Amino acid sequence: MTKKPQPVLTLEEAAKREQRKISRRRFLLVLGGGVGVVAVGAYLARDTIAVEARLAFNQVFLNADTPSTAPPTQPLVWFRIDADNTAHLIIPKIEMGQGIHTALAQIAADEADLAWETVRVIQADTHSGFDPEILFTFGSSSVTSLYAPIRQVAASLREMLRAEAARQTGIDAATLVASNSAFTAGERAITYGEVVAAKQGEWSIPSNARLKTPSERTLIGKSVPRVDLYAKLTGRAVYGADARVEGMAYGAVARPPRYEAVLTRASAGTAESSPGVIAVVIEPGFAGVVADSRAHARAALALLDLEWTGGTTINQAEIDARMTIPPERGTLIQRAGSVDGAAGTRIEASYYTPMAAHAHLEAQSALAEFSADGVTITTSTQAPNLTQSYIASAMQITPVENVRVIPVYVGGGFGRKAGSDVGLEAALLARGAGVPVHVAWTREEDMLYGFRRPPTRNALSGTVENGRITSIRHELISSDVLLSPEVRATFGTSGPNFFETVLGSDPLAAYGSQIHYSVPNIAVIYHHEHLPIPTAYWRGLGSFANTFAIESFIDELAFAAGADPLDFRLAHLPAGALGARFETALNRVADASGWRDGGAQEERAFGIAACYDRKTVVALVMEVSVTGGRIRAHRAWCAVDPGLVINPDGTANQVQGSVVMGLSSTFKERWTVENGLGTATNFNAYPLLTFDEAPTIEVIPIDSSDTPTGGMGEPVLGAVPAAVANAVFALT
Amino acid sequence: MNLLINGTSHTADADPADPLLWVLRDTLGMTGTKYACGIGICGTCTVHIEGAPLRACITPVGAAEGKAITTIEGLASTDADGIETLHPVQQAFLEIQVPQCSWCMSGQMMTAAAFLANNPTPTDDDITAAMRNNYCRCGCYARVRIAVARAAVIAQESAS
């Protein structure tokens, strides 16, 4: 290989190049918000700029608020009120068990003064008048992103009805009192339904309708029962796997024998004459069968004549070896002071989080139905927007609105159902076969294909002196989340490319990697390792692995300092409001668990962990025993502060579920690869935590604000393995 | 093939070896019974055959022919006026607000209903033994435990 000759620059060209460099430096400086840039010589300057700019960018991204959304402000997009006073509320978020239909309906009904028993929730689809992007349900962000807009539009509805009620009754609007879907003035009462029924012509929508004060709230903060449970408990609720339409057939799709293998040749073979087969559908890189039953479709798959080329033959041992912190510098994503030469006793520890499956019990499912207007996909998805754009792009359907995606109940999402693969499969098969097609993955397909939680290695070193942490250095290496082929396929490549080149990190893998404690010298360094195994979103993203590592390490430091783990955390709280929130949560969970007063039962130990994820503060105490090498979690107490709790019982259910899923991942789940393919195909080889292994879980919801600032679906998860590890450490 | 499901006779074009689950879900369109593992591990697809809890994913439909099959759609009762009364297990699961995604809950409730029919006053250990083979990925186990105990109480109250 010959070296590329160095270009010879004229003086003028060199000056221009320098100019560009400076302007780029200024640009980064502004975005970074006050991060200093020191330029020493041309080459070094470029290097320093990259480090500083990336640090600044990563800090901005890791600490950003939930991206604000701008949903429609027109009340009639959200609400439909019938003459009988039934209030239909169209909700642009997906219900996957997190109770979001209830929480958002509570917020709306509270502000609009709707009678709760009249509220009926309707799931919005891509054609309900909302920007489909608003439907994307991810990152525990639904309440925080929609709280303000929903209150405003609900207030608009209330005031629009009030003005019309005043006109219809001749009563001054200011004297009409709104409550329980009606206006009253003395003896006179008129329901919202009556106002709507008598309305003629266009509504006039008030701007800046007054919002209720916290003391006027009727539903926010109450444990209102879930709106979706009656249908679910009677077996009537429809999930993607339950979508049915007259005349539909069943699809099955050929899968590669190894990840990254490419379908280089495909023909129908003898599949077309197999019993029940309606069509064999072959597209570039894709082969599938449509038949009159799922069993017939799958039986015929084996008769296709397919050639898969290439692909990985990677084994688990190589994956584990590649997930070691490399000697290269990595990307600095958090810094305080200088960790080099910090004084005190030095502690080092390394943590590894393996790959995991999502193991949602409803496997990937979608129904596709073509008509003259395009295609309609009914599916359990967290991302109707991505499913829509992915199918439109892959199948060259224009305009994109000719793909309608109807999201239905999701039988467990956990990030996996932000993928859009099954929707496209159903659409390809339906187009090829000329009939509506339902595709439902088997458990085996779901365990082997799609994407996993990335493996993560965390290496921490720190120093303690006189009971204080004097430094923490945290290096992590993880595989793709945002940089995954899945994200590149559905979001497009420009976003991931931007993050890869400008941030030098996969920020979603870096979630939870920051040190929030008051420590004078901090360095957090990220490394990316792309694996030939598809990895992407898994509940909590990087927070699971990173919180496990950091919070376990804090106990190592506490031990070195001879301090109680609770007191040690309290002694290192950050200044300001965040520190105060942590202090409250830690003290509340300590009180509830009896940390300072008796502690764990005999032959058991307490472990504690705290974290700050999705702007929610979490403090968890876990009581654990170790018998004959078997770890058991007996009792858990968890304090959570998401700012304002909308529904305490819904919050409790999320926390309880997060503890169980976190324990399942801690005790049981290790998804492995041999010869380029996953080894587990079902729950016999990938068991989940069971009923008898679940602890009792007491939840302490905390309001620290009159506004929700954080999410509840994910933040608790990462504290679980750390609390367990700390309890085991205390026992042994 | 003739199948007696929830007290109603259904004719299904099926091979006796076909899993009952898919005859219910696809042939008859009764999607309240859910699929999750297909190998009898997780309990999601539990139905009753002659009152006994069985996993429909590994039960050949031929084995259920001529027997009384109960699915989640038949757990509640409906009177002559069409008024639906939930089974005590459903009432308890609703009252305790057990589910999250609820995909496993048909199986949880069918398992609990069959268990309580034979053991109307269970101990906590009895509940553990009865419910330990039903997966819930959302992690609602603690609530299932409370709700099964509560269902026993509701059933006693409504019987007396």
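Predicted model: local features only at pLDDT ≥ 70, side-chain atom pairs only at ≥ 80, totals over all residues.
**View 1. Chain A as a whole, with its 21 helices and 26 strands.**

**View 2. Helices H4 and H6 of chain A, packed at an angle of about 35°.**
This view brings together H4(A), residues 100-112, and H6(A), residues 142-169, whose axes are 8 Å apart. The two helices make a right-handed crossing. On the H4(A) side, the contact is made by Ile100(A), Ala103(A), Leu104(A), Ile107(A), Ala108(A), Glu111(A) and Ala112(A). Facing them, H6(A) contributes residues including Leu146(A), Tyr147(A), Ile150(A), Arg151(A) and Ala154(A). If you sort the contact residues by class, you will find 13 nonpolar, one polar and three charged.

**View 3. Helices H11 and H12 of chain A, crossing at roughly 40°.**
Here H11(A) covers residues 384-394 and H12(A) covers residues 421-433, and their axes come within 9 Å. That angle makes H11(A) oblique to H12(A). The crossing is right-handed. Which residues of H11(A) make the contact? They are Thr387(A), Tyr390(A), Ile391(A) and Ala394(A), and they meet Gly423(A), Leu424(A) and Ala427(A) of H12(A). By class, this contact holds five nonpolar and two polar residues, with no charged ones.

**View 4. Chain B as a whole, with six helices and seven strands.**
Now we turn to chain B. If you follow the sequence, the elements come in the order β-β-α-β-β-α-β-β-β-α-α-α-α. The C-alpha atoms fill a box of roughly 40 × 40 × 25 Å along the principal axes. A compact globule of 160 residues would have a radius of gyration near 15 Å, and chain B agrees, at 15 Å. Some 56% of the 160 residues count as buried. Among contacts between residues at least 6 apart in sequence, 61% join residues at least 24 apart.

**View 5. Helices H3 and H4 of chain B, packed at an angle of about 130°.**
The pair shown is H3(B), residues 88-95, and H4(B), residues 105-118, with axes 9 Å apart. At this angle, the two helices are therefore oblique to each other. H3(B) passes H4(B) in a right-handed crossing. From H3(B), look for Val89(B), Gln90(B) and Phe93(B) at the contact. From H4(B), the partners are Met105(B), Met109(B), Ala112(B), Ala113(B) and Leu116(B). Together, the contact residues count as seven nonpolar and one polar, and no charged residue takes part.

**View 6. Pro53 of chain B and the residues around it.**
Pro53(B) lies in strand S4(B), residues 52-55. Is Pro53(B) buried or exposed? With 22 other C-beta atoms within 10 Å, Pro53(B) is buried, because the cut-off for a buried residue is 20 or more. Leaving aside neighbours within four places in sequence, Pro53(B) is in contact with Thr46(B), His48(B), Met110(B), Thr111(B) and Ala114(B).

**View 7. The place where chain A meets chain B.**
Finally, we bring the two chains together. Here 45 residues of chain A are in contact with 41 residues of chain B. On the chain A side, helix H8 (229-233), helix H20 (648-667) and strand S26 (696-701) each supply at least two residues. Which element gives the largest share of that side? It is H20(A), with seven residues. By class, the side of chain A that touches chain B has 19 nonpolar, 16 polar and ten charged residues.

How values were computed:
Residues numbered from 1 in each chain as written. Chains lettered and ligands numbered in written order. Helix = DSSP H or I, 4+ residues; strand = E, 2+ residues; numbered from the N terminus. Rg over C-alpha atoms; globule rule 2.2 N^0.38 Å. Buried ≥ 20, exposed ≤ 12 C-beta atoms within 10 Å, placed from the backbone. Contact = placed C-beta atoms within 7 Å. Axes fitted to C-alpha atoms, helices over the stretch in contact; angles between N-to-C directions. Parallel < 35°, antiparallel > 145°, perpendicular 65-115°, else oblique. Left-handed = near helix turned anticlockwise from the far one by under 90°. Nonpolar A, V, L, I, M, F, W, Y, C, P; charged D, E, K, R; others polar.
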